[in-house]
Structures are given as C-alpha cells and as structure tokens.
Amino acid sequence: MPGITYTEERKTQLISQYEEIKQMIDAEHSTNDVLLLAVSKLKPVSDIQILYDHGVRQFGENYVQELIEKAELLPKDIEWHFIGGLQTNKCKDLAKIPNLYSVETIDSLKKAHKLNEARGKSQPDAPAILCDVQINTSKENQKSGLFEQEEIFKIIEFFQSKEAKYIKLNGLMTIGSWDTSHEDADKENADFASLSNWKKQIDAKFNTNLKLSMGMSADYKQAIKQGSSEVRIGTDIFGVRPPKNEAKII
C-alpha cells in the first residue's frame with residue numbers, strides 16, 4: 001500500500017519469526033486447522049504491512065481506537081480480530097469498522113445486544129461479525145469473562161435468536177492463568193480443559209460446533225494439543241512491545 005514503507009532488515013526479521021511460529025504450530029496439530037492470529041497491538045502499521053505483503057490477512061488488536069486508526073490506513077481485505085477487553089460504550093465504534101471480522105471478548109449479554117444493534121445501524125450490508133464468548137476459566141477476579149452457566153447459556157440463546165442478525169456465534173475464548181500457563185508444557189492445562197468442557201456442554205445443548213480460541217506465546221503448544229482452533233501470538237512474532245504511551249502507529 002502506498003505510503004507505508006519498511007526496511008528489508010525488519011522484513012526479514014518479522015517473516016522469519018512468523019514462519020518459525022507457523023512451523024511449530026503445524027508440527028503440533030494433525031487433524032484440526034489452527035489459525036495463527038498475529039497480535040499486532042502497539043506495533044506500527046509498517047509491521048502489519050510486512051506480514052500482509054507476506055500473505056497474512058488476519059490480525060488481532062486490543063484497543064478500539066488503535067484498531068480504528070490502523071483499519072483506515074491498511075488494506076481493506078485484512079480481517080481484524082478484536083481481542084481486548086470490550087466496553088459496552090465502545091461497541092458502536094467497533095461496529096463501524098467495515099472489515100471487523102471477529103470480536104473474541106463477548107462477556108455479557110448487554111454487549112452482545114449492543115454490538116448487534118450497532119452493526120445493524122452502521123454496516124447492515126457487511127458480513128456478520130464472528131463472536132467468541134469469553135469464559136473466565138480460572139475464575140480470577142482481575143480477568144474478564146463469564147463462569148456462571150445461566151449467563152453463558154443466555155448469551156448462546158441470544159446468538160441463536162432471529163434478533164442477532166449482524167453478529168454470529170463462532171466459539172469460546174479464554175486466557176489461562178499465568179501460573180497454569182507456565183507449568184510443565186507436557187501437563188494438561190486445567191483452564192483449557194475447562195473451556196473444552198464448556199464447548200461439550202454447549203454443543204450438546206444448542207446443537208453448535210464451537211471453535212476454541214485459547215493459547216498465547218507461553219502456552220500455545222498445550223492449547224493446540226487440547227483442541228484449540230486459534231492461538232494468539234504477539235511478542236514471539238513482533239518482539240517486545242513498547243509501553244502504551246510510547247507506541248506509534250506510523
């Protein structure tokens with residue numbers, strides 16, 4: 001895309017790191033396809049452009065305003081995944097992004113309603129936004145996500161209603177606890193096992209076939225072994241992130 005330039009040195013570095021992770025992921029799974037979601041938060045558009053030119057089309061962002069600005073600057077066939085904490089009052093801004101592909105952090109019925117309503121008003125002809133329901137499998141207070149069956153089932157019921165025309169249920173997402181994710185790599189991750197159990201319950205009750213988004217840089221190999229459909233990798237591809245107040249989009 002004209003106007004976005006990058007150095008050959010950075011290009012070589014990023015592609016090498018991306019391909020290394022991709023090969024590791026391909027080596028871990030045998031049956032299910034696993035999406036490598038490149039998490040580009042706090043990284044410049046030039047880094048995203050490098051991977052785009054390499055053929056990557058799906059990127060994950062954590063901050064609404066940063067995603068809006070990047071979506072305006074970068075190619076329109078990028079499929080953006082919003083993977084940050086979702087605030088109800090930001091649903092309207094997110095829904096205006098034409099190529100917003102997925103929101104992986106739906107953690108309340110109110111937010112599902114709001115996102116659906118906002119998409120219907122601003123982009124009624126755009127594809128429905130794929131959504132993951134975020135489950136707090138570790139039940140840590142500082143983490144977003146649901147863990148009560150009644151609340152989870154109510155959101156699933158809404159996604160299956162005629163009202164939910166502009167959003168579509170895709171799967172479940174969790175962020176494992178730090179301790180669990182840094183345990184023995186060969187040991188079953190209890191948080192991922194919990195998400196798999198939620199999938200079994202929901203699939204059986206609602207006749208769905210949900211995907212699982214679980215696993216990041218520290219624990220993606222175990223996540224794949226336990227059935228993840230997507231792993232979210234940032235630092236291992238892009239390198240250490242700058243502090244938020246020092247990050248530059250251009």
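Author: Helices here are DSSP runs of H or I with at least four residues, strands are runs of E with at least two, and both are numbered from the N terminus. Please keep in mind that this is a predicted model, and that what follows is computed from it.

With that wording in hand, we can turn to Lys96, which lies in the loop that runs between helix 4 (91-95) and strand 4 (100-106). Lys96 belongs to a positive surface patch, whose other members are Lys92, Lys110 and Lys114. Is Lys96 buried, partly exposed or exposed? Its relative accessibility is 46%, so Lys96 counts as partly exposed, since that class lies between the limit for buried, under 20%, and the limit for exposed, over 50%.

Lys139 sits in the loop between strand 5 (129-134) and helix 6 (149-159), and with a relative accessible area of 55% Lys139 is exposed. The backbone of Lys139 also deserves a look, for its phi is near 55 degrees, which is a positive value in a residue other than glycine.

A positive phi is found at Leu42 as well, where the angle is near 65 degrees and the residue is again not glycine. Leu42 is part of the loop between strand 1 (35-39) and helix 2 (45-53), and its relative accessibility of 10% means that Leu42 counts as buried.

Leu210, for its part, is placed in the loop between helix 8 (190-206) and strand 7 (211-213), and it counts as buried because its relative accessibility is 6%. If you follow the chain from Leu210 to Ser177, the two are 33 residues apart, and their C-alpha atoms are separated by 22 Å.

It remains to set these places within the whole. The secondary structure of the protein comes to ten helices and eight strands, and of its 250 residues 51% count as buried. Taken along the principal axes, the box filled by the C-alpha atoms is roughly 50 × 45 × 35 Å.

Technical notes. Residues numbered from 1 in each chain as written. Predicted model: local features only at pLDDT ≥ 70, side-chain atom pairs only at ≥ 80, totals over all residues. Heavy atoms only, no water. Patch = residues over 30% accessible without salt bridge, like charges linked within 9 Å, V, L, I, M, F, W, Y side chains within 5 Å. Areas by Shrake-Rupley, 256 points an atom, 1.4 Å probe, with all protein chains shown as cover. Salt bridge = Lys/Arg side-chain N within 4 Å of Asp/Glu carboxyl O. Lys, Arg positive; Asp, Glu negative; His and termini not counted. Charge placed at Lys NZ, Arg CZ, Asp CG, Glu CD. Buried < 20%, exposed > 50% of the residue type's maximum accessible area, 1.4 Å probe, protein only.
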